Amino acid sequence: QYNAVINILRQGGLYRVRAETNRWTVLWSLHPSPDQLRRFSPVQRTNHFPGSYHLGRKDLIWRNLAKMQQRFGKEYQITPQGYILPKAFLAWDAARLRQSDALWIWKPCSQSCGRGITIFSSDVPEDQLRDLAKKRGIVQRYIPNPLLIGGRKFDLRIYVVVLSYDPLKIYVNFEGLVRFATELYSESVETLQSRMMHLTNYSVNKQNPAFVQNLDGQGEEDKEDAAVDESGQPRASKWSLSELRIHFAREGLDFGALWEAMKDLVIKTLIAVEEPLKGEWCKTLGEDGGWSARGPGGAHRGSCFEIYGFDILVDRNLKPWLLEVNICPSLSSGSPLDKRIKTKLVADVLTLVGVHPPTGLWKLSPDSVHWPASGAAFPDENEAAAGCLLSEDGMAKRALKLASESPAEALALFDEVAWELVVETHEEEMRSGGLEMAFPCPGASRYVQYWGEESYCNLVLRKWQEAGGAAIFRSKKLPPWVPRQVCFRKT
């Protein structure tokens with residue numbers, strides 16, 4: 001139970017209800033059980049997709065990315081080469097012998113906070129080799145040329161929000177965390193056992209007496225404008241992304257290009273896991289039909305959303321490398337910096353999701369609330385995300401009609417279902433706060449190749465973006481059933 005979540009929910013007018021009642025709108029918890037999800041009504045939301053461990057487990061995310069690397073080669077080289085042990089031990093051992101000067105990092109498949117991680121060279125003692133041949137985990141190339149600030153290694157915690165996988169809707173938080181190692185970096189193999197030099201995990205480095213909290217401008221230490229001192233050392237062991245942007249500008253580094261490369265990395269990662277997550281969705285609901293499968297109570301492809309913590313390392317060429325994805329990123333407020341970033345993140349996510357009370361609970365007068373009779377359904381129980389009532393076959397036929405058309409021609413062929421999807425997506429972006437829509441995007445066509453077949457919902461949003469995106473709503477040529485936008489300022 002994070003204060004950032006509880007306080008924002010309370011300030012947003014929401015309150016906790018008993019676990020046994022079904023009169024709720026948001027379930028913020030660990031992954032809901034299949035039985036829970038099947039009972040969801042169309043207006044209820046939860047903060048996890050079933051099966052997102054395909055993204056969070058280090059072995060499974062590598063397996064998904066490796067499949068894409070085999071198909072698309074260099075375009076999918078977004079994470080270091082890996083081998084899942086013990087099954088791929090012989091393949092890794094051969095690679096180790098070929099690359100005698102390489103460094104390697106071994107991680108348990110499902111641990112976090114730096115637990116169990118070891119770093120070693122290709123010259124591995126025989127007893128350690130025998131141990132690795134039996135241990136379950138993943139071994140990856142260790143990135144030997146990390147970008148340093150003040151001689152210290154750092155990684156980035158990028159907060160990513162997914163509203164749905166079909167259509168794929170991805171938002172990236174403008175703010176994030178820069179996490180420094182607390183010992184100066186050395187390339188010497190003699191230092192590989194120094195966890196506070198080579199690992200950037202907060203849980204590891206906070207144990208070092210040299211760790212310095214970021215007071216986010218609230219203390220004497222933070223009165224200086226620069227985030228580094230006169231010797232170039234970071235003043236705190238954590239920065240915000242805003243501080244990193246300022247540092248890049250001072251050093252003449254292109255943060256804008258890095259930001260675009262990180263969004264590309266995020267999009268490719270989420271496309272890579274979409275297929276197994278679709279299988280988990282069908283399995284959970286006990287139905288076929290892909291993302292069109294619905295639960296008995298009305299659960300649909302828009303019933304879930306999820307916040308991910310992408311951990312990214314930047315090398316000296318400003319290339320971002322995916323280290324791992326945390327599907328339950330910590331939202332604890334251990335410092336003023338954490339509190340500001342994470343509280344705003346939760347508020348923006350809940351606003352973006354569009355949590356609203358069922359109409360059966362709206363106030364009928366200033367001092368009364370109407371509750372449905374016990375066991376009665378909410379009046380809006382058939383509400384669902386746009387396009388959720390279409391079958392897979394129905395969407396495939398619609399997609400066939402639009403695929404070969406130009407963006408302008410496709411827009412002219414949009415029916416009410418397509419426009420409903422577009423309006424819903426545009427409204428979400430207009431209330432996205434500090435979250436930036438990474439996908440769909442104007443250049444979405446370059447990602448089409450990564451899907452076996454582009455879905456109807458993704459196709460509609462791609463054609464809309466290519467035809468002008470949000471600017472379309474300033475046009476006077478919209479069909480009569482499309483609501484006219486009266487406010488063009490984002491919140």
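Which residues touch the most other members of the largest nonpolar core?

1. **The main core.** Ile-158, Tyr-165, Leu-270, Tyr-308 and Phe-310 touch the most other members of this 64-residue core. A nonpolar core here is a set of buried Ala, Val, Leu, Ile, Met, Phe, Trp, Tyr and Cys residues joined through side-chain atoms within 4.5 Å. Buried means under 20% relative accessible area, exposed over 50%, and partly exposed in between (1.4 Å probe, protein chains only). Helix H10 (residues 255-285) gives the most to this core, with 15 residues.

2. **What you're looking at.** This is a predicted model: local features need pLDDT of at least 70, side-chain atom pairs count only at pLDDT 80 or more, and totals for chains, interfaces and linings use all residues. Residues are numbered from 1 along each chain as its sequence is written, and side-chain values use heavy atoms, with hydrogens and water left out.

3. **Overall build.** You'll find 15 helices and 16 strands in the protein chain; these are DSSP runs numbered from the N terminus, helices (H or I) having at least four residues and strands (E) at least two. The C-alpha trace spans about 70 × 55 × 50 Å along its principal axes. Buried residues make up 53% of the 491 residues.

4. **Ile-158 up close.** Contact means heavy atoms within 4.5 Å. Skipping neighbours within four places in sequence, Ile-158 is in contact with Val-172, Leu-241, Trp-259, Met-262, Tyr-308, Gly-309, Phe-310 and Ile-312.

5. **Thr-46, tucked away.** Thr-46 sits in strand E2 (residues 45-46). It counts as buried because its relative accessibility is 0%. Not counting residues up to four places away in sequence, Thr-46 touches Leu-27, Pro-32, Leu-37, Phe-40, Ser-303, Cys-304 and Phe-305.

6. Most residues other than glycine have a negative phi, and most peptide bonds are trans. Now look at the bond joining Asp-166 and Pro-167: it is cis, with omega about 0 degrees. Pro-167 is in the loop between strand E8 (152-165) and strand E9 (168-173). Phe-439 to Pro-440 is cis too, with omega near 5 degrees.

7. **Two positive phi values.** Cys-113 is not a glycine, yet has a positive phi of about 65 degrees; its loop runs between strand E4 (103-107) and strand E5 (118-121). Leu-318, also not a glycine, has a positive phi of about 65 degrees. Leu-318 counts as partly exposed because its relative accessibility is 22%.
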